[in-house]
Amino acid sequence: MGSQKQYDVIVVGGGHAGCEAALAAARMGCETVLFNINLDSIALMSCNPAIGGLAKGQLVKEIDALGGEMGKIADRTAVHFRLLNSSKGPAVQSSRVQCDKQLYRLAMKTVVEREKRLHVKQALVERLVVEGGKVVGVTDSTGFFYGGKTVIITTGTFLNGLVHVGTSRQSAGRAGEIASIHLADSLKELGFEIGRMKTGTPPRLRASTIDFSILERQDSDPEPEPFSFTTEKLREERLPSYFSHTTPETHRLIGDNIEKSPLYSGVIKGISARYCPSLEDKVVRFAEKKSHPVVLEFEGLETEEIYSKGLGNSLPLELQEKIVHSVPGLEEAEIMRCAYAIEYDFVQPTQLKQTLETKPVKGLYLAGQINGTSGYEEAAGQGLWAGINAALSVQGKDPFILDRSEAYMGVLIDDLVTSGVDEPYRMFTSRAEYRLILREDNATIRLMGKGYELGLISADDYNNLKEKVRRIKAGIENLSSSKLYPGADVNLVLSQVGTVPIKKPTTLYQLLKRPELCYDDLKPFEGWKEVPDRMVKKQIEIEAKYEGYIKRQIESVRKFKDMEKREIPKGLNYFAIPGLSNELRKKLSVIEPASVGQAKRIPGMTQAAVTAVLIHIKKEELQREKRKTEYRS
């Protein structure tokens, strides 16, 4: 069948990646269609309805700075707020919020449905249509063809998904929803290297059957900061979290029945994440530990469902009930939804360009868990990235790429396309070499200008940011020009604010470098000016306290940029380079690094191998010059 309409961008899958991809493409002027198997599950959180977390908070802030939607919706629907690592330096601090699961889904669904140029359709896409190495559209389960200049696949765990509870196995994208089988076959037919991964989710418990009175309670931070630059007010409703732990009885139940877990019976073949193990994994791998933490979090304001973080498993339901009842406070807890494991297909991301366009098929982009990642935030970042680049491709414009020194998103994409994955990929602050300048608090300053250039940030918001930056600079200049002189009165005030006296003339800016002082501690001194804007005040403090470290990291970035500028010619024949192992020749041929810097980050790449590549490139350049000279003569 022929399509009724030709779209610029087709997005397959309405999860976090799909929503960001579709919104970005539509907002950049492209006629876009978003397909989801069930429109009621657009942006539904399959696991914990939490946004942010360590390193993930940075991603959410970056998504917002570039014009994405996740941070805005999280702010509107959050019921619990925490700043993680608040006692540590700003480079590793990250925000995390617990959202109302249904409010988040509905809020995102509303935004998607009301976006101009974005068409939302319920359909099961089963096949990619490719002609001459370029995608030209998709067909759905009815055989209807939709034409598209570009296609973005964001299928999450739905690609050939298989749910496990004990010995029970069911084809599903998540519990209660059908899997996408034929689309997985279509990708295999196109020659993509496909792998298998596994993730899981814990049981949901009925709140009224839990004894919260004996559990440790954690309330929200009293004055949380929003994710989005545009959020003016957060919702006032708050829900607490509670802490419990597993017991020796919990561990005995699992140990005595470990053969009933599909993880250990050999049924599950997919790769699990080391950093987020199931309860069976934790009990077996950390046998010396007598207990593991269990965190109980509400899934929303108007629901009884409690997310039991730490109790994820794939054991039979009768065992799940015994395990839950072995945990303090959960002796009478009722399981509303059982825990399960899910296996699904993914595409090895070394088959992607840095734009997330596939190398084998022009115009086809992949984003989210299909690329071997784990987490809503990683998915949303990829979706935004793919949506932007698909739109730019349709418009005949240069691609959008951020490098590792510019954003956590740049680290994420570079890691995926350069190194590939051998387990579900999750973002950590340790993955970002330049994390001191890629902080959560300065994401807006770093990236909003790029979002504005793409047409995803309004002029009003960008001008608002520029005014804040002006005030930050003015505040630093004011402190730098305000000088204190040693004396009894000055040193008495310093002792009162908890710091040592000065022995020589000192500027307020130098004084603010002291770790025990904050900006408002300088209030008693002449030259101090009130700064009501929290963002401006925070940036002044961070610039003062970390100035030396930041300068050193900026110098490291300069050296990194020099390496990234050394381009590797496209189509370089790595099998013709002497001194390279066959393994490296294959990796280099598949990945096709764009620069020497990217080549150096390929696993197994040695300095000797880099040198061999550089020598070969130089020889080819000299041969080309020689041929040109001979031709002229």
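A cavity is a set of points, on a 1 Å grid over the protein atoms alone, where a 1.4 Å probe fits but cannot get out. Grid points are joined across faces, edges and corners, and a volume is the space filled by probe spheres set on the points.

The model is predicted: local features need pLDDT of at least 70, side-chain atom pairs count only at pLDDT 80 or more, and totals for chains, interfaces and linings use all residues. Residues are numbered from 1 along each chain as its sequence is written, and side-chain values use heavy atoms, with hydrogens and water left out.

**View A. The largest cavity.** A search of the whole structure finds one cavity of 30 Å³ or more. The largest cavity holds about 30 Å³ of space. Its lining (residues with an atom within 4 Å of a point) is Ile 568, Val 596, Ala 599, Met 605, Val 610, Val 613 and Leu 614. Two or more of these residues come from each of α18 (596-600) and α19 (607-632). Helices (H or I, at least four residues) and strands (E, at least two) are DSSP runs, numbered from the N terminus. With three residues, α19 gives the most. The lining has seven nonpolar residues, no polar and no charged. Here Ala, Val, Leu, Ile, Met, Phe, Trp, Tyr, Cys and Pro count as nonpolar, Asp, Glu, Lys and Arg as charged, and the others, Gly among them, as polar.

**View B. The second largest pocket.** A pocket is an open set of points with protein on both sides within 12 Å along at least five of seven lines. The volume of the second largest pocket is about 1,200 Å³. Its lining has 44 residues; closest to the centre are Glu 225, Pro 226, Arg 534, Met 535 and Lys 538. At least two lining residues come from each of β4 (78-84), β5 (94-99), α11 (443-453), α12 (459-481) and α15 (534-545). The largest share, eight residues, belongs to α15. By class, the lining holds 21 charged, 15 nonpolar and eight polar residues.

**View C. Helix α1 against helix α9.** Helix α1 (residues 16-27) packs on helix α9 (residues 376-394) at about 30 degrees, with the axes 7 Å apart. The two are therefore roughly parallel, a term for angles under 35 degrees. Axes are lines fitted to C-alpha atoms over the stretch in contact, and angles run from 0 to 180 degrees between N-to-C directions. Contact means heavy atoms within 4.5 Å. From α1, the contact includes His 16, Glu 20 and Ala 24; from α9, it includes Tyr 376, Gly 383 and Ile 388. Its residues divide into ten nonpolar, three polar and one charged.

Terms used
Parallel < 35°, antiparallel > 145°, perpendicular 65-115°, else oblique.
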